[in-house]
Structure formats: structure tokens, C-alpha cells
Amino acid sequence: MAQPILRLEGITKRFPGVLANDKVDFELAQGEIHALLGENGAGKTTLMNVVYGLYKPDEGQIFIKGEKSEIDNPKEALARGIGMVHQHFMLVPVMTVTENLMLGHETIRGPNLGPLSTLYRRQVAKEIKALGDQYGLPIHPLALVQDLSVGEQQRVEIVKALYRGAEVLILDEPTAVLTPQEADDLFVVLRTLVANGKSIIFISHKLREVLKIADRITVMRDGHVVGERKPAKTNENELAAMMVGREVILQVTKGEAQPGQTVLQVSDLKVNNDLDHSAVDGVTFEVRSGEVLGIAGVQGNGQTELVEALTGLRPAEGGSIVLQGQQVAGATPRRITELSTAHIPEDRQQDGLVLPFPVSDNLVLNTYYKPPFSKGLILQRNAIMEAARERIQNFDIRTPNAQTHVGSLSGGNQQKVIVARELSRTVKLLIASQPTRGLDVGSIEYIHKRLIESRDAGAGVLLVSSELDEIMQLSDRIAVIYQGKIVDILEAKSTSKREVGLLMAGVAKEKAGKKSNSSE
Amino acid sequence: MDTLFFAGLITLALIKATPIAFGAMAGLMSERSGVINIAIEGMMLIGAMMSFLGSVLFNQWTGGALPKEVSLIVGLVVAMLSGALIALLHAWLSIRYKVDQIISGTVINLLAFGITNFTANAYIDAVRLSGVGIFPHINIPLLSDIPILGDIFFKHQPLVYLMLITVGVLQYALFRTRWGLRTRSVGEHPRAADTVGINVNRTRYINVVIGGALAGMGGAFLVLESVGRFQKLMTTGRGFIALAALIFGKWTSVGALGSALLFGFAEALGVRLQLGDINELEALALLIGIGISLLALVWVAIKLIKRSQDKRPASLIAIVGGAGLLFIVLALTVDFPNIQIPIQFLGLLPYFATVLVLAGFVGRAVAPAAVGKPYERG
């Protein structure tokens, strides 16, 4: 086999209290797409930040084209032909595409005055336009980055790496922010790049897309490399087991929905965002008991504002919200909670928990003021502790004890604390917003099971998620939200991932219908 | 009220705007790179005192053998260095030790008040130290012969010219040069800058420190081009007005100069009112007219500088500019009735204008996104 373009040998990286990478070996051949698969926190991104010079490894060596290399900072990585597209884009929103691409190694015109040399924007704009066209990545050099869609920003990031002369491209969770169609477009681009001799490291925790795009898959768990596979000789179940360290059931098993009465009726609801612009623009839908209504949509299409309005955290600008026959638009969160509504918020650390509080207090945040947890103005510590122990047991929360600060638990266990709190009473409506974001496969499995159990116990479940797979698996009906409007509500049984994906991307309903028909 | 009087008023406004503009430039450099600077007041005050001590002591040391201009230049350099040194302290606290930048700024202001008051009490006033004078006026050849405009712009002391040059250079540098691009990226998205190999903290140090030197010049102006000696707390809030000018100017140097001129004009009007040259209602009408016209002027400047990104229609600018001029003409021609206002209130005019501007006209000024946040890797 030819000399690998990049080889890592025994990379070890420690953070205070954590061993993020433990003697990791890794190899990238010229012209391949090598996927790095693992759970959040498995050490994939840390490893790549070491390669890109953002972190210094405590032990181990990096070889580029067989040559031992010390990479102390990103500049050196770039100089050696390594470019990285970060999960959170490294673009300055208020600057143009051209300015972003020239930043750090500017082309100048006129006399060289050091830092005060004049930028040669026109020339760079021309160069990057040509470069983008060459690889099938059309970009607008003069557009402001903040005006671009997420997919376009990603293209800019890739062109940025190429413009720096990257031979090796590291893509960190590139599909996390894309619609399924945008992801497919990205895969075409990646194939073009590889055909042109570039080599790609593709970081992901999504089994399906890794199997689809990679030439080779390396699986990491808890900072170790667990193994290496060829996509042709493996399958989702094996990879999942390698990632988690045990067998996992990937398919959610659920029976037929038994829809009953309407629990939540939303009519023509209008909500504004923080900048006072319209975020939810007249949506109408209903949730019945015993069913899961999934709200599908790419992040930032009004889901956050919608959920906040439904839970009383944000005022509604118009329309009505009827919860079990009562008008609750503008009601306080407590009133809505007392109408047997449970809420699993999108940002569990910001809105779901008080991080410096112990697990026990977090478990009663919604009921602490009621007996048996309170008598008059006095909290009943014993009752709270007792309830906490019981819930920790029932919901399998892995915590040293009930007094541990919730902030020191893992993401999966933090989410379990919220679920335990919200579901430990009679629930008529469960609003779950991105309930499995950032969780490991094991916790996802658990949360999904709990959501279906709530449904079967007769609660109406409103599931908001930008993970299309999750929506498809759990929902009985699917409402697609795009730019603050519900484009369509579909029966889960009779729709396809492709159809929902197209609707999420804003392709009009008739067109989407036609497209999915023609593809059948 | 005639044209000559009006020209005199604008000339005075430009002079009064100079220290404010220097202060605003100091804030611009600091905040564009991501460090909040509310210590401009303190830096200016230290600069004022050090320019006085520098010029006087240098003059004593040389025994008056050199022309007084040399001593004044030495005073200016000392002011810049001491401003830079104080700024270095601010940078060091807020970058190295990640101290809250508002706290650091407040500490520096208090420190500056303390040091200057102490020095004034214990030394300057105690030994009755007298100044070496002020910079002479320099008439720019040819340009100063232009009627009216020559009087307004080209018959000033050197620091006024230096201020105008600084504003121009900074405006160009911030948006057209390598330094500007890097500085802005560090203030907006430091991590993005880091990933392309820009040293975030070094960029911040350099900008804060050079900004400190500019604030020092602003302070030096008060001594070397105005009163000729140091008085306790002589900056009287100009550092904070500079900060308001920076925000009103939306973190651009031309914008900041525009608003500094507005504040300068308010101050100039206050002076003329106290002298009894005009009455209060006239002054108010003039202030409004000038404010609106300046806004239009700044818009024109921004349109010329950022052709591709400015979306303001030319017709709007023309209408606003026309309205402003109309107001000024009306204010100059119409006879306003006399209303008596106690003289003490007139000195309030610049502060009143600050409050009015910040409360009413700024709209949504967007600060650099990363301002006030120390940068940490990982």
C-alpha cells in the first residue's frame, strides 16, 4: 500500500480529570474518505483538533506523508495541507465571503506596508469564485456570511480550506446542520474532491451516512479506537454495538396509536423572536391523547419560539392555544404546568435544570411548592429526598447520590433527571423539544422508549426534533415547519423520509409530491 | 445672527470635538478588537497631567534653551506613552487575568482620579508649577485662504489636524487593510481568527495599547492646546462622552467623528450662550439642525466608503440632509423670543445632548460580537 498521507501514532490527550484520547492510532490514505465514528465525547473532535494544531498532544506522533511533524497551531496545519471544517462554522458573520477567505493570509495590492497593506479583494473574489466552480461549490464572494443559509456557509468553509491549499480535509459532523437533500449534495461534492486527489476525514455519529459515504470506518469509544471496518463488510447493528460497547436496539418498537380526545388545539398562532421579528407565522395544529405529533424542520425555522409560546415562556402575538378546553395563550408557565403539561426543553442545561443544585432539588422543580414537598412556606427535606431516591431508581439515573450537583452528571443522565421530573406525575400533554440532542445511543434508546410509554399511557406527545430519523421513527403524524409556517401535516405511515425532507427544505408541497412520485 | 458667527461656531465645535474624537478613536481600537474600554476617561486624565508635567519638567531641565514647541512636543509624547502604559494595564488585567472588563475599566478610572488629584495637591499646586504655553495656530498655506471654509478647517493648532488625520487613517485601515481585517475578525469571532493562525491576544494587546496612546493625546489636547496648565479632573467626563460618540457612530471612526462634532457643537453653543451672543431657542434650533445635517454627512461618508454594503437610498440621504440645512437656515434667519434660563444649565448642554442621542437616535447599534469576552481556546 502506498504511503498514507496522514498517520497518527499513539496520540494521548488528557484534560483535567478526563482522558480524551488514549494511545490512538489512525491512518488516512491518499484519495479516500475515512470516517471517524463515535458517540459524543468519544474523543473524535479532540483527536482532530490535535491534528489541526488547536490542542497539543501529551504523547504520540503525527506523520504527514511519512514525515514526522510537530503541529503547534492551525497555521502550521494549514501550511502542511491540512484544513478543517468545524462543526460550528469559523466564519465572521458580518464580513463578506471574500474577507472571510482571505483572513489570515491576505493578498495585498500596492506597496507592502506590513499590517497596513491594502487588501486586494477583487483579485481574491475572482480566485475563489473560480476555485468554487472547479469543485462544484458555487459561492457568492461578495455576499455577507450572515445572509447565507447554513448549507451555503458550509460550502464557504470547504472552499476556504481548499483556498488555503488543503490536501487533507477534516469535516466535523458536517451533516448535523443540513437537511437530508443538502447532505446528499454534500456527498456529491465530497466525491468530486476525492476524485481530484483530496483526502477526507469525515467525523460523524450517524451510522447510516457513514456507511453511505465512507471508504473506511474507524470507530472510537471513550478515547480509544475500538476497531476499523469497511462499509461493505459491516452493518448498522455491528457499528452501533462497537460505538456503545453493547448490543443496542436501533428500531423503536411501538404499537398502533390509539388517538383519543384533543388535548392541545393551536390556532393561527403567531410568535416573535428575540429581535421582534416574526418567527412563528400563523400555525394551526392539534395534538390528541395517545398519539405522537412530530414537528419536523431544520433548526431555526421557528420551533424554539413555538415551544416557548406553548409552555408560557414567550408571549404569543396572536392566535389561540387551547389546552384541555382552556385558553392558555399568555398564561404563566406554572398554570400550564398545572394543567398536566410536561416539558422537556431544547436546551437542558439552560432551561431544564439548575446546574449548581443537587439532583434531588432538580427532581422537584415543578412541584416543590406543593405537599408533600412543602408545608406552607417550609420545604420538607425528607419528603424531597425520599422522592428523589425513588425517581433515581425508577428512571435509572446514574449519579453517585441524590446530593450530587446535576451539572456534574453526563448529558444522558441530566436528560434523565428532566424526564424523571416531568413524567413522575399524571401527564396529559408532553412537549419534548430535541429530547435526544447530543446524547449517546444508549440514552437515546431510553428516552425514545419513555416517550412511547407516555403515549401509550394516554398522553398527547408533541415531539419537536431536527433529527429526521427520530421524527420518522416515533411520530404518528408529522407536521413540517418551514420559515415559521406549517407546510403540511402528514400521516407517518403514508409518507416517506424523502417527502418530509423536501418539505423541510422549503420545496413547495405540489413539487415535493411530484418529485417523490417520479422517484417511485 | 450671520454667517460669520455661524462659521465661528463651527470652528469652535471642531476644536471642542477634538479631545472627544481622540477618546472615541481609543475606544474604537479597543472595542473593535473585542476589549471594552470604559477607562478612556482615566487614560485622558493621566495623559493630560503627564503632558503638562512632561513639557514643564523638560523645559526646566533644558533650562529653557530650546524653543517652547520642543517642550510641548515632548509633553505630547509623554502623554501618549503614559496613556499607552495605563492601557497596557487594562489589557493585561482583561486579557491575561480575564478580569471583568467593566471592573478593570472602573478600577483604572478611580486610579487615574486618585493619582492625578494627589499629584496636583502634593506637587503641581503646591509648588505653583506654571506651564510653558500652548501650541501655536498653523495656517495651512493656500487652503486657509478659502473664504469661510479656510477659517473653519485650516487655521487650527496641530492636534486638531492630527485628530482629523487619525480619523481618516483609522477609517481606511479598519476596512481596507490587513490589520483592519484581522482586528475586526478578532472582535467578532476570535475562534475563527485563531483557526486561521491569527494571534487573538496579541492583536488585542496591540490595539488596546495604541488606543491608550490616542486617549493620551486627547488628554494632552486639553493642556497643550487649550488651557496651558493642568487642573484637577479637567477631562470632566469627556472620556465617557467619547464612548457615547463611539456607540452613536456605530463603531466606525467617521461616524464617531460625526457624533463628536455634535457634542462639540453643543459645547460650543454653551460657550456662546454664556457669552450672550445668541438666545436659548436659537441655540436649540441650531443644535437640531446641525444634528440632522451631521447624520446625513456621516451617511454620505459611509456610502462612499462601503459602496457594496450600504443599502441606504441616496434619496433618503438627500431628504435628511436638506431638512437639516433648512433647519439651520431657519435658525439663522428667524428671530426667536427670549427665554431666560439660569446660566448653570447652559453648561449641561453637552451632557444633555449625550443623553438625548443615546436614548433617541442611536437605534440598534450593534457592537462587535465578541466585545467584553476574554478568549479561551477549546
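A:Asp396 lies in the loop that connects α13 (381-394) with α14 (411-423) of chain A. The model is a predicted one. Most residues other than glycine have a negative phi, and most peptide bonds are trans. A:Asp396 is exposed, because 11 other C-beta atoms lie within 10 Å and the limit for an exposed residue is 12 or fewer.

With 18 other C-beta atoms within 10 Å, B:Lys250 is partly exposed. The peptide bond from A:Pro371 to A:Pro372 is cis, with omega near 5 degrees. A:Pro372 belongs to the loop between α12 (359-362) and β19 (374-375) of chain A.

Chain A as a whole comes next. Its secondary structure comes to 18 helices and 24 strands. The radius of gyration of chain A is 25 Å, close to the 24 Å that the globule rule gives for 520 residues, so the chain is as compact as a globular protein of that length. Along the principal axes, its C-alpha atoms fill a box of roughly 75 × 50 × 50 Å. Of the 520 residues in chain A, 46% are buried. Among contacts in chain A with a separation of 6 or more, 66% are between residues 24 or more positions apart.

One pair shows such a separation in sequence. A:Leu503, in helix α17 (residues 497-504) of chain A, is 206 residues from A:Gly297 in sequence, yet their C-alpha atoms are 8.4 Å apart in space. A:Leu503 is buried, because 28 other C-beta atoms lie within 10 Å and 20 or more are needed.

In soluble globular proteins, nonpolar side chains tend to be buried together. The largest nonpolar core here has 149 residues, and those that touch the most other members are A:Val51, A:Ile170, A:Phe202, A:Leu462, A:Leu463 and A:Val480. Beyond its neighbours within four places in sequence, A:Val51 is in contact with A:Ile62, A:Ile71, A:Ala77, A:Ile82 and A:Ile170. Another core, of 95 residues, lies apart from this one and includes B:Leu72, B:Met234, B:Ala244 and B:Ile302.

A:Val480 also has a place in a strand pair. Strand β23 (residues 477-482) and strand β24 (residues 485-491) of chain A run antiparallel and are joined by six bridges. Across this pair, A:Val480 stands opposite A:Asp488 in β24(A). The two strands form a hairpin with two residues between them, and A:Gln483 in the turn has a positive phi of about 50 degrees.

In chain A, four strands form an open sheet with antiparallel pairing, in the order β14-β13-β16-β17. Its edge strands, β14 and β17 (326-327) of chain A, each pair on one side only. Strand β13 (residues 262-272) is joined by eight bridges to strand β14 (residues 278-288), and by five to strand β16 (residues 318-323). A:Val266 stands opposite A:Phe285 in β14(A), while its bridge partner in β16(A) is A:Ile321. The hairpin of β13(A) and β14(A) has five residues between the strands, and there A:Asp276 takes a positive phi near 70 degrees.

In chain B, two helices can be followed in detail. Helix α4 (residues 101-124) has 24 residues and reaches 32 Å from its first C-alpha to its last, close to the 34 Å expected at 1.5 Å a residue. Its buried residues are B:Gln101, B:Ser104, B:Gly105, B:Ile108, B:Ala112, B:Thr116 and B:Ile124, and they pack against α2 (40-61) and α3 (68-96) of chain B. An α-helix has 3.6 residues a turn, so residues three or four places apart point the same way. Helix α6(B) has 19 residues and spans 27 Å between its first and last C-alpha, close to the 27 Å expected. Among the buried residues in α6(B) are B:Leu159, B:Met163, B:Val167, B:Leu170 and B:Leu174.

Technical notes. Residues numbered from 1 in each chain as written. Chains lettered and ligands numbered in written order. Predicted model: local features only at pLDDT ≥ 70, side-chain atom pairs only at ≥ 80, totals over all residues. Core = buried A, V, L, I, M, F, W, Y, C linked by C-beta atoms within 7 Å. Contact = placed C-beta atoms within 7 Å. Pairing = 2+ DSSP bridges. Rg over C-alpha atoms; globule rule 2.2 N^0.38 Å. Expected span 1.5 Å × (residues − 1).
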